[in-house]
Protein chains: 2
Amino acid sequence: MSEEKTIDPWGAVEVKDYSSAFQQFGLQQFPEEWRKKLDHPLFRRKIVIAHRDFEPVMAAIVAKKPFINMTGIATSGPLHFGHKMVIDLFMFLHSLGATSHFGIADIDAYVSRPDSKLPSLEKAKEYAIENLANALALGVPKKNVFVQSRMPSRYYEFAFEVSKKMTSATFEAIYGHIDLGKVSANLLQYADILHPQLKEFGSPAPTVVPIAIEQDPHIRAVRDIAKRLPYKMVPPSSLYITHQPGLREGMKMSSSVPETAIFLTDPPEIARKKIMTAFTGGRDTAEEQHRLGANPEVCKVCNFLKFHFQDDKKVSEIWESERKGKTLCGEVKLFTADFVEKWLKQHQAKFKKFKPVAEKMIYG
Amino acid sequence: MSEEKTIDPWGAVEVKDYSSAFQQFGLQQFPEEWRKKLDHPLFRRKIVIAHRDFEPVMAAIVAKKPFINMTGIATSGPLHFGHKMVIDLFMFLHSLGATSHFGIADIDAYVSRPDSKLPSLEKAKEYAIENLANALALGVPKKNVFVQSRMPSRYYEFAFEVSKKMTSATFEAIYGHIDLGKVSANLLQYADILHPQLKEFGSPAPTVVPIAIEQDPHIRAVRDIAKRLPYKMVPPSSLYITHQPGLREGMKMSSSVPETAIFLTDPPEIARKKIMTAFTGGRDTAEEQHRLGANPEVCKVCNFLKFHFQDDKKVSEIWESERKGKTLCGEVKLFTADFVEKWLKQHQAKFKKFKPVAEKMIYG
């Protein structure tokens with residue numbers, strides 16, 4: 001497939017040229033001096049690449065003043081390591097003192113997806129239980145979770161208030177053609193992002209929403225709405241994260257193409273197999289690899305480590321060793337498969353523990 | 001103003017030619033044999049003029065089987081006698097054994113009106129309290145009332161589910177241009193009409209919604225949605241009622257033109273004055289009136305009696321007497337002013353009693 005010009009939010013193709021997307025949307029590169037202050041691999045390794053109006057959040061972090069940390073999951077499928085990355089970022093911001101709101105977007109998921117993808121609200125809630133149990137297992141505190149379908153009436157009332165503050169002209173300018181399901185799902189997204197600033201749920205504060213670049217239209221829309229609502233609100237800021245590369249060539253990790261992804265619910269031996277058969281771009285023979293070296297930038301396994309292996313030094317060693325041809329890709333695969341297998345076993349034990357908790361939070 | 005070709009749901013002009021509207025929308029005249037079975041002035045006096053698919057409701061009434069009776073008020077202003085008529089009809093259907101749902105549409109009112117008409121949600125709730133206290137004073141039982149902004153989450157979830165079952169093509173075909181505030185307000189209207197058939201709120205049954213003719217697009221939309229939803233639902237039926245004529249020539253009773261209306265909260269002496277200065281179309285002199293007679297069809301005071309005075313015989317006498325010139329319009333005005341003044345005094349005593357109940361139901 002050729003280089004994309006427009007970015008399809010629902011596509012599975014990797015975005016190759018982020019800089020043109022920056023220009024198109026008016027985003028700013030994430031500055032080096034902020035990376036130094038944010039001690040997490042996702043910042044250090046430049047997986048967080050850009051921002052929109054992050055200054056007020058950064059100022060709040062530095063001054064230890066209140067700020068809101070908001071993210072959400074549309075529960076339309078099982079979670080994979082791409083989602084884990086977003087949750088890792090959420091938890092890091094939480095550790096910096098944020099007031100955190102983690103949204104389980106079950107209504108949104110059902111309403112915005114075609115029936116062929118998500119046939120019923122019940123199915124969205126099944127995924128909600130799975131997604132939520134995974135989030136809890138990843139450390140998201142129960143008290144920081146909100147479930148769209150279990151909110152008090154004020155939340156929904158607010159979603160409808162929001163609809164009054166957006167003209168269809170603005171909507172069309174941002175999203176193109178209006179589709180009713182998407183309109184109403186978007187109302188919930190805006191309510192998700194803004195409701196923590198309402199007096200019934202919290203108070204006005206700089207808000208950070210970590211998103212993938214193709215979600216930027218929502219941020220532009222919600223910033224516009226924040227200024228029009230009859231409440232004191234700080235227009236939300238966003239962080240843009242690169243997609244977790246998938247395990248196949250030229251694809252991001254995507255639920256809609258299962259062989260590109262390692263799901264948090266994959267049996268460890270299946271995950272192991274997925275790593276062992278992932279695309280690396282390595283040389284055809286050991287001799288060639290030793291002589292010419294390989295390219296960790298294109299290697300899906302090296303990238304997996306970059307996104308999920310904590311130890312900077314080890315990741316760097318592996319990358320350099322593969323680049324110089326000292327290591328064969330098979331060796332990197334074995335190392336990564338061991339890591340993933342072990343990680344999944346531990347995670348899934350926690351997941352099992354949190355499953356009934358999640359069930360109660362969705363249906364209780 | 002000249003005869004309208006299209007009907008403006010928010011206009012104040014009287015609809016003169018209902019038969020062309022019937023044809024345009026595909027409605028059916030309300031049959032004589034049903035009028036005989038429905039013992040209420042609004043049926044006898046042909047104020048209920050048409051229906052859409054009323055057969056299943058009529059069958060349920062005759063067989064004493066369950067049916068749903070649903071109406072609602074968008075709380076965008078004070079209630080007048082035009083609203084009283086709708087509530088009278090609602091209460092008559094209730095007396096026939098219906099499962100009744102009376103909706104206080106406060107979110108809808110705020111979201112679908114421009115700020116110039118309804119500047120805030122608080123204002124919509126102020127009207128909600130006034131409207132609800134009036135409805136309770138008119139006999140609507142508290143347990144049959146639901147308030148949009150105070151519903152359990154399942155109601156809102158359902159409103160969003162509904163959005164998935166309407167394509168923007170259908171929406172545009174029915175309503176013309178899509179306006180976001182109207183889209184979202186409509187979702188609530190559809191949920192209002194259909195939620196009594198959900199297992200969480202009731203069960204499937206023939207449903208009657210009494211409406212003014214220009215609200216028919218909502219019925220067509222909601223019938224289409226009822227068929228697409230993944231729940232067992234009977235597509236709702238509707239009754240079409242003529243507008244309460246206003247007190248000025250050529251106008252319906254409308255909150256937006258206060259001099260056309262007698263509000264349920266009008267001080268009785270003000271209401272009296274409004275009746276005494278209403279348009280009658282009577283002759284210039286007593287002599288002429290006696291000689292030529294007058295026209296009760298155009299007389300706003302005679303019409304007021306037709307819509308609100310219980311005693312058929314008395315109304316008929318007054319109409320015939322005015323028609324033949326035996327009575328002067330001033331005499332009819334005096335009679336009607338006395339009736340309205342007395343009625344309002346009694347009603348407002350009840351209203352006062354129900355005001356704190358209504359306050360609690362809105363803000364509780």
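1. Conventions. The model is predicted, with local features needing pLDDT of at least 70 and side-chain atom pairs counting only at pLDDT 80 or more, while totals for chains, interfaces and linings use all residues. Residues are numbered from 1 along each chain as its sequence is written, chains are lettered from A in the order in which they are written, and side-chain values use heavy atoms, without hydrogens and water.

2. Sheet. In chain B, seven strands make an open, mixed sheet ordered E1-E2-E7-E6-E3-E4-E5. Helices (H or I, at least four residues) and strands (E, at least two) are DSSP runs numbered from the N terminus, and two strands pair if DSSP finds at least two bridges between them. The edges are E1 (28–29) and E5 (145–147) of chain B; each has a single partner strand, so one side of each is left without a neighbour in the sheet.

3. Strands E3 and E4. E3 (residues 68–74) and E4 (residues 99–105) of chain B run parallel and are joined by seven bridges. Thr71(B) is placed opposite Phe102(B) of E4(B).

4. Helix on the sheet. H5 (residues 81–95) of chain B packs on the sheet and touches E2 (48–52), E3, E4, E6 (207–212) and E7 (237–241) of chain B; contact means heavy atoms within 4.5 Å. The direction of H5(B) makes about 160° with that of E3(B), where axes are lines fitted to C-alpha atoms, for helices over the stretch in contact, and angles run from 0 to 180 degrees between N-to-C directions.

5. Symmetry. Chain A superposes on chain B by a rotation of 180° with 0.0 Å of shift along the axis, at RMSD 0.0 Å (least squares on C-alpha atoms of residues with pLDDT of at least 70 in both copies). The two copies are thus related as by a two-fold rotation axis. Of the interface residues of chain A, 100% are also interface residues in chain B, so the copies meet through the same surface.

6. Interface area. Chain A and chain B each put 36 residues into the contact. About 2800 Å² is buried between them, 64% of it from carbon and sulfur atoms; buried area is the accessible area (1.4 Å probe) that two parts lose on being put together, summed over both. Phe160(A), Lys164(A) and Leu180(A) supply 29% of the area that chain A buries against chain B, more than any other three residues.

7. Salt bridges. Six are counted between chain A and chain B (a side-chain nitrogen of Lys or Arg within 4 Å of a carboxyl oxygen of Asp or Glu). Lys164(A) forms one with Asp115(B), with the closest N and O atoms 2.9 Å apart.
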